[in-house]
Amino acid sequence: MTNYRIVLSWRFLSSNKGNFFASVMAVVFGILLIHVNAVIFDGLWDGLIRDFSGYVYGDVFVRDDGDYITRSDSALVTFLEGFPFVEAATPRLYSIASMNATKNGKTIEEFRISLVGVKPVQDIRTSTVAEHVEHPQFIPTRRSIVLGEMIARDLGGLEIGDKVDVNIVDRWGKDSVKQFTVSNVASIYGAFGFDTYIHIDTLREMMDRQGETEGILVKLYNREDTDEFIQILSQYLKEDDYEIQDLEEAADDILARIRSGISMIEPIGFFSLTSSGMIIFAIQTMAVNTKTKQIGILRAIGTPRKDVLIIFLIQGIIIGGIGVILGTVVGLGFATFMDAADFRFGDDVSIPLEINHDWGKITQTALTALLLSTLGALAPAFLATKISPIEAMRNK
């Protein structure tokens, strides 16, 4: 009994290939749009998380509540690395600088550059900055500086061995100027391509903050352990004025704006799926109208109403199934292509997307599309069961 329903459903579909193709493409387009949104905007979000974690805050950021950390950074790093969750930790100190350099007889100056003080060996273990440099020695001396690629370009195309003058304002409001030698140019894009890195002790000297640290980056073996680690660490440090932040708390100002923008865009994909269901409803309604005589014949030879209903529901399932398979394959192909092409969001200040396949979301999208295509066929199917055999036979 079931086999004949499937055969009739397929014959009705194949007898009007135009409607069948349009219905399938409606589902494919809806699924593809969701995949495109996921690749672009989820990839942007994951890329920002990757870069904030790798360059700026680690998985967890420990800072003093409202001031600089005066406790020995070596003691803090040793303490933090004693936890089984922690892969590595490193101190950081930050300042805003202006820089100037002379290249090919031309002096160029840049203002409001993020200057980061790091401990080279520990930073290599904790952050990903050193992964983007070519020279094996990250910051070999106290007078070495690593320039982000954007800054090196804006300062006239500086290269390893070139000199650059760095000026910051110290804690007393006085200018502090030093000349550095470029030891590396980090191939970092996005906003982080404007960061520069020097030895933390040199920056402490320039800021007149000897022994002080702005924060400790903590890299975990597994980022999913963040909440548990923060809870345990808070108990150990509850008597101190430390603020322990996860990545999203540390970068909240920027990530909150990105999150709100993405949340407004994401519903577009599911709206497209809803539209696909409405298109299927319209096409299936047309199909019922064009198959009135055949339906009348089925009813006249004793086919129950429920069988007629099932025949048209099966059509919706066939359309949805084929559309889901094609849409998912095309969507995954698009994601794979974007990953292989190293697609970047933006122009000059570009962010390499982090392309991940969230199989939970992919499955949810496929099931939603299948459900909507079936629902889109439900009302026309119910309409088909109401056709009178006698009136249907009169239909030309």
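Reader: Is I168 buried or exposed?

Author: Buried means under 20% relative accessible area, exposed over 50%, and partly exposed in between, with a 1.4 Å probe and protein chains only. I168 has a relative accessible area of 1%, so I168 is buried. Please note that this is a predicted model, in which local features need pLDDT of at least 70 and side-chain atom pairs count only at pLDDT 80 or more, while totals for chains, interfaces and linings use all residues. Residues are numbered from 1 along each chain as its sequence is written, and side-chain values use heavy atoms, with hydrogens and water left out.

Reader: In which strand is I168, and which residues does I168 touch?

Author: Helices (H or I, at least four residues) and strands (E, at least two) are DSSP runs, numbered from the N terminus. I168 belongs to strand β5, residues 163-169. Contact means heavy atoms within 4.5 Å. Leaving aside residues up to four places away in sequence, I168 touches several residues, among them S95, L115, L203 and M207. The C-alpha atoms of I168 and M207 are 7.6 Å apart, although 39 residues separate the two along the chain.

Reader: What share of contacts in the chain joins residues at least 24 apart?

Author: Among contacts between residues at least 6 apart in sequence, the share is 81%. The chain has 14 helices and 11 strands, and 48% of its 396 residues count as buried.

Reader: Which residues of helix α7 are buried?

Author: In α7, residues 226-236, they are T226, F229, I230 and L233. Seen down the helix axis, these buried residues fall within an arc of 100 degrees (taken from the directions from the axis to the C-beta atoms), so they line one face of α7. D227, Q231 and Q235 are exposed on the other side of α7. The cover over the buried residues of α7 includes β1 (60-64), α3 (73-81) and β9 (242-246).

Reader: How many salt bridges does the structure hold?

Author: Side chains of opposite charge can pair when their charged atoms come close. A salt bridge is a side-chain nitrogen of Lys or Arg within 4 Å of a carboxyl oxygen of Asp or Glu. The structure holds 15 salt bridges. One of them joins D73 and K119, with the closest N and O atoms 2.8 Å apart. D73 lies in helix α3 and K119 in the loop between β3 (106-118) and α4 (120-126), so this pair ties together parts that are 46 residues apart in sequence.

Reader: With which other residue does D73 meet in a salt bridge?

Author: The side chains of D73 and R204 meet at 2.8 Å, N to O. This pair links distant parts of the chain, 131 residues apart, as R204 is in helix α6 (residues 200-207) and D73 in helix α3. Both R204 and D73 are buried. A network of salt bridges links D73, K119, R142, D201 and R204.
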